[in-house]
Amino acid sequence: MTTPVLFDVPGPKARRRIRIGTAVGVLVVVVIAALVLVRLAGNGQLEPQRWAVLFDPASQVPQALGQALLRTLQVAIVGMVLATVLGLLLAVGRLSEHRWVRVVVTTLIEFFRAVPLLVLIFALYFLLPKFGIRLSAFWALVGGLVLYNAAVLAEIFRAGILSVDRGQREAAYGLGMRKTQVMTLVLLPQAVRRMLPVLIAQLVVLLKDTSLGFIISFPELLRGARGLVEFFTLQFGNQYTFQLYVAAAVIYIAINLVLSWLARYVERRTRGNAKTAATTPTELPADVQMGGGGGVVPTVR
Amino acid sequence: MDFVRENADLFLDAFLTTLGLSLLAGLLALVLGTLLAAMRVSPIPPLRGLATFYVETFRNTPLTVVFFFIIFGLPQIDFVIGFFPGAVLSVGLYTAAFVCEAVRSGVNAVSGGQAEAARALGLTFGQSLREVVLPQAFRTVVPPLGNVLIAMVKNTSIAAGFSVSDLSSLLPRLVNADAGDLTLVLVGVVVGYMVITLPSALAVNRIERRVAILR
């Protein structure tokens, strides 16, 4: 917040109230945290040896988590690359001058955005084999992610292409360029540059959605942690359960925070860039950030 | 058609589960999200920090992981919760972070002059938020808020992975049906979700038109 207009710069009385509020707030948070910690400690969850297993190479836990993370990243990267390519094609198709192309592509985009991502993945995993097409859990997961994210990215790219100042397109046509040239040489380079932060934000969404692989038993990070838990529970009882889940969550949050920070950094860099001066900034809508299926109401107008 | 008749009850149950889950989680998300948004613009730094921490954490955590912690993690602190209440809690807590962001963007969209005028009239922080800023903010956030809630309906599908018999869970549960029947199930599931999301989208559009203000 730049200048707080909702409240005055606090005077002495207000400052005292704020101090009291601060104290009460801190107290409440501390009490809640303490309660959780006491509960955890009471169950022996905070014993160092339970946490040491996460960092001890001899226990094979870091290696297993690392491999699971690698598979998660693999899904995310393959998914992102394919979704970007497909999304670009869909975006160009949606802006096509031929009515039938526009109608078909728009229907496809709306359909894939309207269906929950998990249902798409289930359809690829459970339904396709009935028709003789057997996909591995990896490709079912990637397939679902690509179809959904391509539909979302298509809308984002379309907004980006439309945000390029009209004069750019007109000037390009005026120079005698063809439609394809105008798109590939003039519009797309500017749009993509402007879209870069949004693309990274979408990567965060996609990375989060890879955890759906857990549900179809693809050994990504979460299923990897779960597998370790089941393995350890057989041998030692469930004494490492909590720690392994925390580890998986922390890894997700850390990667996504770094990516979000990167998105903001790129955003700052592109803002002052002359090459994007002819475009208007766009942001990833909140519902798209939720993952698992965007809103039905078109957010791009 | 035997297949349809045999599973009609199952389908209805699943649909009602998804609907109930969506309504309860949506309510929780709206209440908690608005509260968080108010905290994020409040003059008390720890409240701001707490709300920011909450939003950043949940926004960067996959919903599946939230489910994990609620269903498998809470029992570790002697707090056992059923699958359905657990799903409501997970989806609600997760969505609250996005509701907060949507409401906050609405608060920021209310022009500064409004808040300044409210302050100049001598309204307190609470009054200017309640009487001036939030009513306007809610109007501008109707479309994004609606989209968040519609996305939430689709996100409830993840409950299928955690023993809740909702619409999505029909596909793995009826996986032994033949190709034609399973396709029918898929169509039914997709239609089931659309029966919830499309009227919601229409309602959002109507509410938006009705409460829209010119600026």
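# Briefing on a predicted two-chain helical model

Leaving aside neighbours within four places in sequence, A:A248 is in contact with A:L221, A:L222 and A:A225, and also with B:V65 of the other chain. The model is a predicted one. Chain A holds eleven helices and zero strands, while chain B holds nine helices and zero strands.

**Nonpolar core**

- The largest nonpolar core has 142 residues, of which A:I121 and A:A248 touch the most other members.
- Helix α6 of chain A (residues 137-163) supplies the largest share of this core, with 16 residues.

**Chain A**

- From the N terminus on, the order of elements in chain A is α-α-α-α-α-α-α-α-α-α-α.
- Chain A has 301 residues, and buried residues make up 40% of them.
- Where contacts in chain A join residues at least 6 apart in sequence, 75% of these contacts link residues at least 24 apart.

**Chain B**

- Read from the N terminus, the elements of chain B run α-α-α-α-α-α-α-α-α.
- The C-alpha trace of chain B spans about 70 × 45 × 20 Å along its principal axes.
- Of the 215 residues in chain B, 49% count as buried.
- Among the contacts of chain B between residues at least 6 apart in sequence, 75% connect residues at least 24 apart.

**Interface between the chains**

- On the chain B side, 64 residues are in contact with 56 residues of chain A.
- The elements of chain B that give two or more residues to this side are α2 (45-59), α3 (63-73), α4, α5 (112-120), α6 (125-140), α7 (142-155), α8 (170-173) and α9 (179-211).
- The largest share of the chain B side, 13 residues, comes from α9(B).
- By residue class, the side of chain B that touches chain A divides into 40 nonpolar, 17 polar and seven charged residues.

**Helix α4 of chain B**

- Helix α4(B) covers residues 83-109, which is 27 residues, and its first and last C-alpha atoms are 39 Å apart, close to the 39 Å expected at 1.5 Å a residue.
- A bend of about 25° occurs in α4(B) at B:A96.
- Because 20 of its 27 residues are buried, α4(B) is largely enclosed by the rest of the structure.

**Annotated spans in chain B**

- An unreviewed UniProt entry lists residues 20-42 and 182-205 of chain B under "transmembrane region".
- In the model, residues 20-42 of chain B are 91% helix and 0% strand, with their end C-alpha atoms 33 Å apart.
- Residues 182-205 of chain B are 100% helix and 0% strand, and their end C-alpha atoms lie 34 Å apart.

**Loop residue B:L174**

- B:L174 is located in the loop between α8 and α9 of chain B.
- B:L174 counts as buried because it has 20 C-beta neighbours inside 10 Å, and the cut-off for a buried residue is 20 or more.
- Not counting residues up to four places away in sequence, B:L174 touches B:N7, B:L182 and B:V185.
- B:V185 is eleven residues from B:L174 in sequence, and their C-alpha atoms are 8.0 Å apart in space.

Methods. Residues are numbered from 1 along each chain as its sequence is written. Chains are lettered from A and ligands numbered from 1 in the order in which they are written. This is a predicted model: local features need pLDDT of at least 70, side-chain atom pairs count only at pLDDT 80 or more; totals for chains, interfaces and linings use all residues. Helices (H or I, at least four residues) and strands (E, at least two) are DSSP runs, numbered from the N terminus. The expected span of a helix is 1.5 Å times one less than its number of residues. The bend at a residue is the angle between axes fitted to the seven residues ending there and the seven starting there. A residue is buried if 20 or more other C-beta atoms lie within 10 Å of its own, exposed if 12 or fewer, and partly exposed in between; C-beta atoms are placed from the backbone. UniProt positions are given in the numbering used here, feature names are shortened, and annotations may be inferred rather than shown by experiment. Two residues are in contact if their C-beta atoms, placed from the backbone, lie within 7 Å. Ala, Val, Leu, Ile, Met, Phe, Trp, Tyr, Cys and Pro count as nonpolar, Asp, Glu, Lys and Arg as charged, and the others, Gly among them, as polar. A nonpolar core is a set of buried Ala, Val, Leu, Ile, Met, Phe, Trp, Tyr and Cys residues joined through C-beta atoms within 7 Å.
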